[in-house]
Number of protein chains: 2
Amino acid sequence: MTLSRLLVRVFIAKLPVMKNIEEKSKYHHGDLRETLLVVATEMLQESGLKEVSLRKLASRVGVSRTAPYHHFKDKNALLCGIAEKGFEQLHQINKCGSKLEKLSVKERFYRFIHDYIQFANNNPELYELMFGRTIWKDESSTLELRDSAYPCFQFQVAMTQEWQKQGLFNVDDNALRVSQVLWGTVHGIAKLFIDGIYTDNSKIDEICDYAVRLFLTNSKE
Amino acid sequence: MTLSRLLVRVFIAKLPVMKNIEEKSKYHHGDLRETLLVVATEMLQESGLKEVSLRKLASRVGVSRTAPYHHFKDKNALLCGIAEKGFEQLHQINKCGSKLEKLSVKERFYRFIHDYIQFANNNPELYELMFGRTIWKDESSTLELRDSAYPCFQFQVAMTQEWQKQGLFNVDDNALRVSQVLWGTVHGIAKLFIDGIYTDNSKIDEICDYAVRLFLTNSKE
DNA sequence: AAGCTCAAGTTGACACTGTCAAGTTAGCGT
DNA sequence: ACGCTAACTTGACAGTGTCAACTTGAGCTT
């Protein structure tokens with residue numbers, strides 16, 4: 001939080017735009033867009049989605065209320081920008097998990113489910129935003145958001161195909177459909193925890209275990 | 001919508017509070033609480049959660065901005081009131097589905113999954129409210145809400161136990177955990193549709209089929 | 001070097017929100 | 001007939017997203 005903000009400052013310092021090293025009298029901010037994203041993400045994770053307001057954000061960054069509008073069409077576009085980065089993170093996690101070749105397929109499958117729900121639970125507000133209707137319903141998602149989210153979705157289908165090949169699921173089944181059900185399951189469990197309906201976080205691992213078990217009792221591997 | 005509102009009016013007419021049949025000069029509304037719930041539900045289903053504002057609601061009911069505060073502590077309490085009725089509906093659907101004794105267990109299981117997702121899809125805004133963090137997170141749920149939601153949750157565990165007894169799932173497995181995973185799956189799929197991430201509604205049935213298949217390939221029945 | 005352009009930043013304003021405090025109305029039981 | 005009190009009212013406040021109109025200043029052209 002303080003660190004990430006510091007990194008932005010360093011980044012700013014490197015830009016040719018800055019006249020001198022001291023940050024005084026900076027009518028032009030330098031890289032306001034990036035700073036807004038970073039600070040907004042901080043606010044999101046600290047106090048939740050409904051606490052993120054453009055005005056508070058602007059004042060926290062030290063800029064006027066309407067300055068953000070020169071970098072984001074509206075609030076929704078800003079939120080899409082935050083979510084974008086979230087999808088890159090999640091995609092990264094999935095890629096890492098599928099590369100662990102020392103593990104058996106079953107173990108990798110367990111790892112996927114576990115890591116996914118862990119990510120959601122570690123970043124509840126970000127996850128809420130990434131998969132919430134705020135940014136998806138009514139065609140409100142940005143093009144850039146879709147560009148970062150769709151590869152993440154597709155990767156999950158690809159993983160499912162791999163699991164099918166390795167005998168975890170029937171190869172004849174439609175991979176997209178299987179993946180949609182699997183994703184539904186992890187998404188649903190994650191949401192029920194995040195939204196406060198499943199309240200006992202200490203049972204997360206146990207529930208993941210059961211999810212794996214229910215899907216794999218009949219697998220060949 | 002028009003019907004439900006009419007019913008309320010009829011209800012009002014029956015109340016001794018009303019001085020005369022014509023609805024003029026009604027400083028005291030009669031049954032404002034119920035009317036607010038009905039009209040708010042209409043607004044919710046017509047235009048979505050974020051379009052429901054106390055002020056619009058009040059003006060639509062024909063009452064001053066702050067009148068609702070004499071029947072609901074705050075906006076959250078009103079929303080909880082709406083959700084309450086939703087849970088009673090859902091509970092009813094589950095009860096009906098489990099009573100169809102002509103069907104086989106497998107068919108009843110399919111029926112549960114299908115009906116659940118159908119309910120969510122037919123009442124997307126209501127479902128969003130019922131299971132959203134708006135009313136659940138931060139201890140914001142009303143006592144009355146919990147009184148209507150918990151039985152609904154428990155019924156799903158009871159159904160799971162029944163399915164275990166009938167050989168659909170291992171009897172030795174913890175029913176609560178199995179039910180949590182099953183519910184996670186239907187909830188997740190429902191949410192992904194409602195929130196606009198799964199967009200092709202014509203594939204709902206197919207996805208339900210796969211969900212059932214993935215869970216039941218190893219069942220004894 | 002002077003001047004122009006145009007993105008980046010500014011203030012003021014508007015309509016909307018939830019909610020509180022203080023006042024008014026009228027139905028009920030005594 | 002009279003008050004009590006729940007139900008309902010208006011006024012006010014702080015907060016929101018967003019638009020229109022204005023200012024600033026960095027960088028290119030001449």
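Predicted model: local features only at pLDDT ≥ 70, side-chain atom pairs only at ≥ 80, totals over all residues.
Good morning, colleagues. Let me begin with the symmetry. Chain A is superposed on chain B by a rotation of 180 degrees, with 0.0 Å of shift along the axis and an RMSD of 0.0 Å. This is the relation of a two-fold axis. Both copies use the same surface, since 100% of the contact residues of chain A recur in chain B.

I turn now to the extent of the interface. In chain A, 40 residues are in contact with 40 residues of chain B. The two chains bury about 3,700 Å² between them, and carbon and sulfur atoms give 61% of that area. Which residues of chain A lose the most area to chain B? They are A:Arg133, A:Arg177 and A:Leu214, which together account for 20% of what that side buries.

Between chain A and chain B the count is ten salt bridges. One of them joins B:Arg133 to A:Asp195, with the closest N and O atoms 3.8 Å apart.

Finally, where does the contacting side of chain A come from? Four helices of chain A each give two or more residues to it: H6 (124–130), H7 (133–136), H9 (175–194) and H10 (204–216). The largest share, 15 residues, comes from H9(A). By class, the side of chain A that touches chain B comprises 18 nonpolar, eleven polar and eleven charged residues.

Thank you for your attention.

Definitions and conventions
Residues numbered from 1 in each chain as written. Chains lettered and ligands numbered in written order. Heavy atoms only, no water. Least-squares fit on C-alpha atoms with pLDDT ≥ 70 in both. Contact = heavy atoms within 4.5 Å. Buried area = accessible area lost by both parts, 1.4 Å probe. Salt bridge = Lys/Arg side-chain N within 4 Å of Asp/Glu carboxyl O. Nonpolar A, V, L, I, M, F, W, Y, C, P; charged D, E, K, R; others polar.
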